[in-house]
Structure formats: structure tokens, C-alpha cells
Amino acid sequence: MKSTFLKLAFGAMALAFSASISTAQDLKPVKFSLDWTLQGNHAIWGLALKNKYFEQNGLKVSMDRGYGSGDTVVKIAAGAYDIGFTDVNSVIKFNAENPDRTVLAFYQVFDKTPNSIITLKKSGITKPADLAGKKIGAPESDSSRMMFGAFAKANSIDPASINWVTMAPNLRETMLVQGQVEAISGFSSTSVFNLISAGVPQDDIVVMSYADNGLDLYGSVLVAMPDYIAKNPDIIKGFVKATISGTVDLLKDPAAGMTAMQEIEPMFDTKLETARLAFLMDKGVLKSPAFDKNGLGYVDPARMDLTIKTNSEVYKVAAPAAEKVYTTEFLPPASERMPPK
């Protein structure tokens, strides 16, 4: 009797072990690129990894840092990554210039662009018009730099009057502090906190956000190649669901998100990144009235059309059709993607 019981017990254990191996083998691998080095808002996916939301949706995700939104788009189009997190404005420009290898946005992460021009009080620059004739520094693939033409038009600045200085991403804020440039372009949520981390008092930082200066455009999205999306709809649906779950968790408990990121990168500065995340939520980027009303990932077609039109005018290219830029096909019902109150 005892022998029979042991055989049954070991048999059950073997079946369970076999099932776990089978489940692990059934997970579909996904290579995911962020837009930049690990930051507080990336805890959306840090929590999705830690809390196994990707696994629950049949995915095995590897997540790498990025080197700028423009760079991420190029890597997605080249097939180096399956899914990327990048600025939608970079997507529009790339698609207009590369109609034969476009990428497609399938989830709106940021309701508002954090594209900005950042300077210091000592520069004497207090408003967009003051930028004329100044030296502005940024990496060549920086989204805010690529969108500067639209910002210039909205604020009656001659783009030709700007002296752009190209630099490595890690030198941008340093060169501003050292006075080698008079302003920089970038995501406010990146540059402001890099400057604070470098010892600059927040009161000395001047931010001219594109959204508050005539460009109420959409921000960062999740993208993939159209062929990849068509061949892997379940992967896209699963990635969206895991992203929504991670976002809800992050909005509920930012501290848990910072812990998840520190487990990925032990040098992750939780204090700084908590402040960065709060900044994004306060500015209506990650948490917004539109998302509160319509659910996370919501896209207003008219506002997206304006975003596309603005980009096409800036770059003097034919505006890509909306369906070539984004899709809402993979959004769950609004009731399944409401942010916490």
C-alpha cells in the first residue's frame, strides 16, 4: 500500500514537473527595446516581469535599454528587436521617409509628449523666442531635436537660426552645466532629473515643454513591424495586457515599481526615479484625464491626426495614413484598462 502511494506521489510530481517544463517551453520569446536607459516609467515593464504578467500571457520577454527614440525605431525596422518603446513622432517621421519598411504603433503609453527644450536660468533664456541664435545640444537621434521644427513653427522661431551641437547622450546635461551649449533638447523627464542628479537645483532649471507651447501632441508608444504584428497577434495582445497590468500596479504603488527596477539594475536610483515618475504623472504624461475617462492606451483619432499632420509639415513629407502609424485593434475593452482612482 505504501509502495503504491509513493508511486502515485512520484508520478504526480513527475507530471507536474513535466507540465512546468512544457509551459516554460511554450512561452514565446520577445526581444523588447526601451527608448533610453532604465528610468522610473520603465517600471511598467519591470513590474510586468517581476509579477509574471508576461508569462501569464504566454510571453518570455527580454528587455534592453535604448539609445534614443529615433534609434529604437531604426532597430525595430531592422529586425534587431520585436517590440520597442519609442516616441510616436519619431515613428511618423520614419514611416514617411521609409514607406517600404514602416513600423506600427499598437499601444499609446504616454498621453502627452514630454519633448522639451531645457536650459538654466544663467543662460537668460526664459521663453521660446529667446532660443534664436543660441547653441542647443542633443544627440542626433533625440526625439525633441527631430521635432524642433514644429516647435519652432509654433513659436515663430527661424530653425536656421539655431546652432545645433551633436553630442553623445551621456554628455548632454554635462555640456549644458559646463556652458558649452546654452540649451538642450530632450524629454523633460530625462534631462531635468539628470541635471538634478548632477547637483543643479531644480529652481535653476528652465523647461519649455512642447506640449505647453503650441504642440499638444501624443507621446511614446509601443511599436512593432506590421508583418510581425500580423503574424503574431497573440504576442501583441499579450504584451498589451501585461503592459496595462504593469501600469495599473505602478500607479497604485510606485515604490513597488522602483523595487522591481532595482532588482533588474542594482545601481538604479530609486529616490531620483520616484521623483521622475511623479513628474510624469503630474504633467499628464503617464496619468491623464483622457486615460482616466477612456482607459489606458486610449487614442483620440482627431488628436492623432493632428500629431501626424504636424510632423508631415515639419519634415515636408507626405503625411502617412493614420492606419500606417497606429492601430487600436489590440486594446482590450475600456473596462479592462481603467487606471486606479
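Colleague: Which residue in S10 is the bridge partner of Tyr-107?

Modeller: Leu-222 is the bridge partner of Tyr-107 in S10. One caution before going on: this is a predicted model.

Colleague: In which sense do S4 and S10 pair, parallel or antiparallel, and over how many bridges?

Modeller: Antiparallel, over four bridges. Strand S10 covers residues 220-224, and strand S4 covers residues 104-108.

Colleague: In what order do the strands form the open sheet?

Modeller: Five strands run S2-S1-S3-S10-S4, with mixed pairing. From one strand to the next, the twist averages 30°.

Colleague: Why is one side of S2 and of S4 left without a neighbour in the sheet?

Modeller: Strand S2 (59-64) and S4 are at the edges, and each has a single partner strand, so one side of each has no neighbour in the sheet. Read that beside the accessibility: S4 stands at an edge, and five of its five residues are buried.

Colleague: Which strands does helix H4 lie across?

Modeller: Helix H4 (residues 69-77) lies across strand S1 (28-33), strand S3 (83-87) and S10. Its direction makes about 150° with S3. Helix H5 (residues 88-97) also packs on the sheet, where it touches S3 and S10. The angle between H5 and S3 is about 100°.

Colleague: What describes two packed helices?

Modeller: Two values do: the angle between the axes, and the distance between them. Take H11 (residues 233-252) and H12 (residues 254-264) as the case. Their axes come within 5 Å and cross at roughly 115°.

Colleague: Which residues make the contact of H11 and H12?

Modeller: H11 brings Leu-250, Leu-251 and Lys-252, and H12 brings Pro-254, Gly-257 and Met-258. By class, that contact has four nonpolar, one polar and one charged residues.

Colleague: Which strand gives the largest share of the lining of the second largest cavity?

Modeller: Strand S4, with four residues. This cavity has a volume of about 60 Å³. Its lining includes Ala-105, Phe-106, Tyr-107 and Gln-108, and also Val-221, Tyr-326 and Leu-331. By class, the lining has eight nonpolar and four polar residues, with no charged ones.

Colleague: On to the pockets. How much space lies in the largest pocket?

Modeller: About 400 Å³. There are 19 lining residues, and Thr-37, Asn-194, Ser-197, Leu-272 and Arg-276 lie nearest the centre. Helices H8 (172-177), H9 (188-197) and H13 (270-282) are the elements that give two or more residues to the lining. H8 gives the most, with four. The classes are seven nonpolar, six polar and six charged.

Colleague: What is the volume of the second largest pocket?

Modeller: About 170 Å³. Among its lining residues are Lys-112, Pro-114, Asp-212, Phe-279 and Lys-283. Its lining splits into five nonpolar, four polar and three charged residues.

Colleague: Last, a single residue. Where does Tyr-298 lie?

Modeller: In the loop between helix H14 (289-294) and helix H15 (301-315).

Colleague: Why does Tyr-298 count as partly exposed?

Modeller: Its relative accessibility is 25%. Buried means under 20% and exposed means over 50%, with partly exposed in between.

Colleague: With which residues is Tyr-298 in contact, leaving aside its neighbours within four places in sequence?

Modeller: Gln-108, Tyr-218, Ala-290, Phe-291 and Arg-337. Gln-108 also lines the second largest cavity. Then check separation along the chain. Tyr-298 and Asp-111 are 187 residues apart in the chain, yet 8.1 Å separates their C-alpha atoms.

Methods
Residues are numbered from 1 along each chain as its sequence is written. This is a predicted model: local features need pLDDT of at least 70, side-chain atom pairs count only at pLDDT 80 or more; totals for chains, interfaces and linings use all residues. Side-chain values use heavy atoms; hydrogens and water are left out. Axes are lines fitted to C-alpha atoms, for helices over the stretch in contact, and angles run from 0 to 180 degrees between N-to-C directions. Contact means heavy atoms within 4.5 Å. Ala, Val, Leu, Ile, Met, Phe, Trp, Tyr, Cys and Pro count as nonpolar, Asp, Glu, Lys and Arg as charged, and the others, Gly among them, as polar. On a 1 Å grid over the protein atoms alone, a cavity is a set of points where a 1.4 Å probe fits but cannot get out, and a pocket is an open set with protein on both sides within 12 Å along at least five of seven lines; lining residues have an atom within 4 Å of a point. Grid points are joined across faces, edges and corners, and a volume is the space filled by probe spheres set on the points. Two strands pair if DSSP finds at least two bridges between them. Buried means under 20% relative accessible area, exposed over 50%, partly exposed in between (1.4 Å probe, protein chains only).
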